[in-house]
Amino acid sequence: MQRVRISTLAVALTSAFVLLAGTAATATAAPAESSAAKVAPVTWTPCNPDPSKPDPLIYDCAVYPVPLDYAKPNGETVGIAMMRRRAGDPAKRIGSLFINPGGPGGSGYLWATTTRFEPRVMDSFDLVGFDPRGVARSNPLRCFGTDEEANGVFDRMTGVPVTQAEITGTLAATKDYTDACGRNAGALLKHMSTQNVVRDLDRMRQAVGDAKLNFVGFSYGTLIGATYANMYPTKTRALIVDGNVDPQLRLADGLEYDRRRANGFEISLDAFLSHCKAAGTPRCAFADGDPRARFDAIRDHLRTDPVTLPDGSTVTLSTFTSQVANALYSQSRQAPLARSLQALDQAINAQPSVAARSAAPNEASALAVLVPTALREALPETPYSSDDSYYGVNCQDKPYPSNPKLFPLIARAWELGAPTFGRYQAFDGPACSTWPAPARQVERYTGPWNKRTANPVMVIGNLYDPATQYKFAQSMQRELGNAVLVSVDLVEHCAIGKSKALNAQVTSYLVDLVAPKPGQLLKPDVDAFPVVA
């Protein structure tokens, strides 16, 4: 009975601080604006994206200056690193197609080299990849001076803390991390919200000479697209958002957004295990018996007892959860995940002598490696080779309660509905509770989201997207003033490049401005568990 009461208290506290967070978000809403300011053109320089290979002679690079603080447009600037792949057929060139891979904190610079679009898109557009402000090559937001300093903090964190010692240590290290950001990150720290990224994007649009924006955003990049559509609705030509956030919820209530995100991972995991069972062995190595029950037994075992494998590696609850989450992002990782689960199950349940003789536990060692929860992709040019843009953006966009001591209760409550990912997702939030420039103190765009664009926004959602659940795509389509949703029956994060039928519609939309028909459910080209020859 005590356990139930504690869980109920945690739910009540979560709900109470959700309301407080929502109130703060409304108070800091920023108005949309025009893009009347004149900007200088981009100065492109030929470059080779891979100097180890012959120069294809189709790429250019630039660093474009934008205001650090848009309230001081003539003040200090930050440089946005850009790369373009010139349109394959200049006679058919429509304009530039800007691409953002998400994150937040994902480097988009080399996305100018992507091959996921059909030839007609490549012929008709300059593909432009860029690192948003504070990311990688674009004035990276850095909270530490050296990798050693950073590791001294990060190594004290547990990804899925369960024991009191793990929880206390993680919260203390997280506070040390945000304190370091306050000391070292500089003025950029206060200007990392998506609103500022979108202002930068509009300047880049003008700087490349385009009257209207063509944009494809993946994952967090869908928030960039949605924000642009509402800040500059008359300046849009074609916008595609793939792997969608729920803009209204994300900007109003970071805590509830994260709870639903944990549920999205659970939905994706259920689909993975169901598809595995339907495929059977040998297509899916984990298909025997009841995969759901076997998975739960492994997870619950790891909660109290890490597993040391014959090769000396150790699978913990944190490494296991991060690897399962990572595999759900891509179909190509799911058959290997099934083999790793099978091997780990064998290592847990077989006699030690049998496990030691078997080659199978070698597959389980993949589950002993922790996947970073944040994208830190800055170039290794300085003693601190990473960047801290993930929290720089998230903590300014998403309002959270300011008391980190609430998060153990929140984690316990979320586990009731999301037993694998509830605690994992809950402990992504404490950094934002003590972030030195949080959402309630900065300028950010919180809506409205229903401004009408001349052409419909193309919204793409996978039925079993782990990171941005399908309901988010449905919300995105409803919240935007003019949008059409295309659905894909896929356990994966984002869909462009995974379905020829989808890519054909992407091409028609971008090149010909032919919007997809609503209500479609498309299939991927490849099965996660292909038939074994």
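User: Helices (H or I, at least four residues) and strands (E, at least two) are DSSP runs, numbered from the N terminus. How many helices and strands are there in the chain?

Analyst: This is a predicted model, in which local features need pLDDT of at least 70 and side-chain atom pairs count only at pLDDT 80 or more, while totals for chains, interfaces and linings use all residues. Residues are numbered from 1 along each chain as its sequence is written, and side-chain values use heavy atoms, with hydrogens and water left out. The chain has 19 helices and twelve strands.

User: What share of the residues in the chain is buried?

Analyst: Buried means under 20% relative accessible area, exposed means over 50%, and partly exposed is in between (1.4 Å probe, protein chains only). The chain has 533 residues. The buried share of them is 56%.

User: What part of the accessible surface of the chain belongs to carbon and sulfur atoms?

Analyst: Accessible areas come from the Shrake-Rupley method with a 1.4 Å probe, and for residues only the protein chains shown count as cover. The surface of the chain comes to about 21,300 Å². The part belonging to carbon and sulfur atoms is 54%.

User: Among contacts between residues at least 6 apart in sequence, what percentage joins residues at least 24 apart?

Analyst: A contact means heavy atoms within 4.5 Å. Of the contacts in the chain between residues at least 6 apart, those joining residues at least 24 apart make up 76%.

User: Which residues have the most contacts inside the largest nonpolar core?

Analyst: A nonpolar core is a set of buried Ala, Val, Leu, Ile, Met, Phe, Trp, Tyr and Cys residues joined through side-chain atoms within 4.5 Å. The largest one has 82 residues. Apart from it lies another core, of 39 residues, including Ala279, Cys284, Phe286 and Ala343. In the largest core, the residues with the most contacts are Met82, Phe98, Phe144, Tyr177, Leu201, Trp435 and Val459.

User: Which residues are in contact with Phe144, leaving aside its neighbours within four places in sequence?

Analyst: Phe144 is among the residues with the most contacts inside the largest nonpolar core. With neighbours within four places set aside, its contacts are Glu149, Ala150, Val153, Phe154, Tyr177, Ala180, Asn184 and Tyr384.

User: At what angle do helix α9 and helix α10 pack?

Analyst: Axes are lines fitted to C-alpha atoms, for helices over the stretch in contact, and angles run from 0 to 180 degrees between N-to-C directions. For α9 (residues 291–304) and α10 (residues 317–328), the axes are 8 Å apart and the angle is about 145°.

User: Which residues of α10 make the contact with α9?

Analyst: On the α9 side, the contact is made by Phe295, Ile298, Arg299, Leu302 and Arg303. The residues of the contact divide into six nonpolar, no polar and two charged. Here Ala, Val, Leu, Ile, Met, Phe, Trp, Tyr, Cys and Pro count as nonpolar, Asp, Glu, Lys and Arg as charged, and the others, Gly among them, as polar. From α10 come Leu317, Phe320 and Val324.

User: What is omega for the peptide bond joining Gly103 and Pro104?

Analyst: Most peptide bonds are trans. Pro104 is in the loop between β4 (95–100) and α2 (119–124). The bond joining Gly103 and Pro104 is cis, and omega is about -5°.

User: Where is Pro448, the residue that a cis peptide bond links to Gly447?

Analyst: Omega of the bond from Gly447 to Pro448 is near 5°. Pro448 is found in the loop between α17 (430–433) and β10 (457–462).

User: What is the value of phi for Cys494?

Analyst: Most residues other than glycine have a negative phi. Cys494 lies in the loop between β11 (483–488) and α19 (500–512) and is buried, with a relative accessible area of 10%. Its phi is positive, near 75°.

User: Is Ser219 buried or exposed?

Analyst: Ser219 is in the loop between β6 (213–218) and α6 (221–231). Its phi is positive, near 60°. With a relative accessible area of 12%, Ser219 is buried.

User: Which residue's backbone oxygen does the side chain of Asn503 reach?

Analyst: Asn503 is in helix α19 and counts as buried, at 10% relative accessibility. Not counting residues up to four places away in sequence, Asn503 touches Glu118, Ile496 and Gly497, among others. At 2.7 Å, its side chain reaches the backbone oxygen of Arg116.

Key
A polar contact is a pair of N or O atoms within 3.5 Å; within protein, one must be able to donate a hydrogen and the other to accept it, and residues adjacent in sequence count only if both atoms are side-chain atoms.
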